[in-house]
Structures are given as structure tokens and as C-alpha cells.
Amino acid sequence: MANLNPVGCMNLLPLKGFSWVLLALTFPVNVLAQVTREVADLPVDQEAFADSLSALYPVDEWAAETPWGPGEHLVYQVKVGIFNAGEGHMTVEALDSIRGHQTYRAVMGIKGGLPGLRVDDSYTTWIDLQTLQSWRYIREIDEPFYESYRHYEFYPDRRVWHRTDNDESGPLASSLPLDDIAFIYFIRGLPLEVGKTYSFSRYFKEDGNPVVIQVLRQDEYETEGMRYSTIVVKPIVQTDGLFGQGGEAELHFTDDDRRILVYMKSNIPLFPGSLTLHLRSIQEGVPLNPESRDTAREGRLNRAVLEPDTIVRR
């Protein structure tokens, strides 16, 4: 689990056009994700797939403990009110090196939209294997009334962030910065004890800090014929956006070693309905930290015994 530093967190994506589809992801582009896409509707043995991933990604004793790792691919149905709005994806695509630092490359985005209003948004982050801080963040938005490309590089030693697409720079709010997407992975590593509130000031721009995480309750949620025990979390961000105070967002994470986002609900300002994400399928990845990998393997084996009908899933 991530270390609890009282300093840390972030403002999530600003609400613009269709950007309220923050937590859905575009399909990955690397070879592993391509294979995942091609077998998405076929039975997959989680343990056998994890063994193949383990051969590709050996353990790293210096890697931080995480419940996720390379190869993780989560698929969501996205709805706005009662309308289907597309399919979302969250993927830990691969390992990359950024200025000599080993990182996870993770992507979030969405493809879809309402009739006549198509959306193709993606958000990519590069997360340090050891510190889980972000080194690079790219946001690409392609929507009916709004297009945007932003490429951020983070330089903690100089406490500066720099946008390469327009040569803009600014002060970095933390020496261990997090961007919008890196924070989602960061929160999955927290203990998330019911009744507790966590506060962080690690968002890379100062005006997004602090972010407050309230752990509301334990619950259950059923999707795609699967019932999950969940922990319900309410994030509160200091600026407007999907997780701003007006959105009254709730995130439901699995109450197990994986901390997978099962369901999300957030009110949409000036819209008579909510944005919701519903988990459709899981392809588990392999954590790099040795203890995290052992925990993940034990969890898969336990689920195979307790839920023999669900160990093979799309």
C-alpha cells in the first residue's frame, strides 16, 4: 500500500465539453493491450495469464507496493443518465523510462458519446516505479465542440512543470507530484478505512490542493452478473470538475487486495442526470513489488476457491 504522507493530492480533470467522462479510457496501443482487446469477449484464465505476464515483467525489489501492475485492463460501460454513452477503459500498458526513471505507462479515456456527439478522449500518465510520483502527463481531448492537446513534463528537482505543446511553465506544488490519472492509481494503494478522511497536497498545480478523500461505508454492487463487496469513497476537489464538491461523486472500489474501481457516480452540473461507470470486465495485471505480487497471487487463488464460476471471465 502507498505510504500515507499528509502532503499529497490533486485536482482532477476540469469539466469541459464532454470531459466529464474522465474515468473511461481509450483502447491501449501496445502489443499486450492489443492481445487483450482481441480476446476481450473470450474466456481468460486469470492465473495462466498472470503467469505469462510474470515472465514478461520480473519482480523488482525496489518497486513500491501496489495492488496493480503491467497488463491490468479494466473495461467499463459509460452512461449519462439513462443513455449509454460509450465504453471506457483503464490500462497499465507497459514500462517506460523517462529521463532515467523507470515508470508505469497508464492510460484512461473513452470512445463513444451520445448520438451525433462522438467523443475520443485519452489521458496518459507515467508513474515512477519507486515513488509513484508522476513524471509526464499527456491529455488529448477530441469532442464535438472542444479539442485540446496538453503535454506536461514534471521536474521535481527544480519544482517546475513545463508544457511542451505551448512552452508554458509554472511552479510545481509538490516534490512528489501527481497528475489527474496518477492520483487514481495512488488512491487504490491507500488503506481506505471506513470512517477515516485522508487529505493530500500532491497535485502538481497548487490551486488543486488539498484533495480530501472521505471513506464513507462498506457496500455491495452488482454489475454484469457479478456481485462485489465494495468500499465507497467520496473525493472532494478544490476546483470545479467531475470530483468538485457540486458533483457529489462516489467511487466504489473492491474490498479486496485489488482495489478495482467497480462503479462511479457523479452528478453533472446543468444536466438532469448523473455520469456513471459500470465495470464490465477485468484482466488483472502483475504487481512488480515482490510482496504485492505474492498478495495478488494469493488473492486470485482464494477467489478461485470461493468463486469457482468467476475465475474465468471476459
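1. Start at the cap on helix 3. Asp179 caps the N-terminal end of helix 3, with a side-chain oxygen 2.9 Å from the backbone nitrogen of Ile181. Such a polar contact is a pair of N or O atoms within 3.5 Å; within protein, one must be able to donate a hydrogen and the other to accept it, and residues adjacent in sequence count only if both atoms are side-chain atoms. Helices (H or I, at least four residues) and strands (E, at least two) are DSSP runs, numbered from the N terminus.

2. A word on the source. This is a predicted model, where local features need pLDDT of at least 70, side-chain atom pairs count only at pLDDT 80 or more, and totals for chains, interfaces and linings use all residues. Residues are numbered from 1 along each chain as its sequence is written, and side-chain values use heavy atoms, leaving out hydrogens and water.

3. Helix 3 itself covers residues 180-188. Of its 9 residues, 9 are buried, so the helix is largely enclosed by the rest of the structure. Buried means under 20% relative accessible area, exposed over 50%, and partly exposed in between (1.4 Å probe, protein chains only). The buried residues include Asp180, Tyr185 and Arg188.

4. Helix 4 spans residues 290-306. At 1.5 Å a residue, its 17 residues should span 24 Å, and its end C-alpha atoms are 24 Å apart, which agrees. The expected span is 1.5 Å times one less than the number of residues. Asn289 caps the N-terminal end here: a side-chain oxygen lies 2.9 Å from the backbone nitrogen of Glu291.

5. Which residues of helix 4 are buried? They are Ser292, Arg293, Ala296, Gly299, Arg300 and Arg303. Seen down the axis of helix 4, the buried residues fall within an arc of 120°, so they line one face. The arc is that of the directions from the helix axis to the C-beta atoms. These buried residues pack against helix 2 (46-56); contact means heavy atoms within 4.5 Å. The face turned away from the buried side carries the exposed residues Glu291, Asp294, Val305 and Leu306.

6. Now the strands. Strand 5 (residues 117-128) is mostly covered, with 9 of its 12 residues buried. Strand 5 pairs with strand 6 (residues 134-143) in the antiparallel sense over 6 bridges. Two strands pair if DSSP finds at least two bridges between them. Ser122 stands opposite Glu140 in strand 6. The hairpin has 5 residues between the strands, and Leu132 takes a positive phi near 65° there.

7. Take Thr124 in strand 5. Is Thr124 buried or exposed? At 10% relative accessibility, Thr124 counts as buried. Leaving out residues up to four places away in sequence, Thr124 touches Arg105, Ala106, Val107, Arg136, Tyr137 and Ile138.

8. Finally, the aromatic rings. Rings of Phe, Tyr and Trp (its six-membered ring) pair if their centres lie within 6.5 Å; planes under 30 degrees apart count as stacked, over 60 as edge-to-face and the rest as tilted. The count comes to 12 aromatic pairs. Trp161 and Phe204 form an edge-to-face pair, 6.2 Å centre to centre with 85° between the planes. Trp161 lies in strand 8 (residues 160-163) and Phe204 in the loop between strand 10 (197-200) and strand 11 (211-223), so the pair ties together parts that are 43 residues apart in sequence. The rings of Phe183 and Phe186 have their centres 6.2 Å apart and their planes at 35°, so this pair is tilted. Ring pairs also link Tyr137, Tyr152, Phe154, Trp161, Tyr203 and Phe204 into a cluster.
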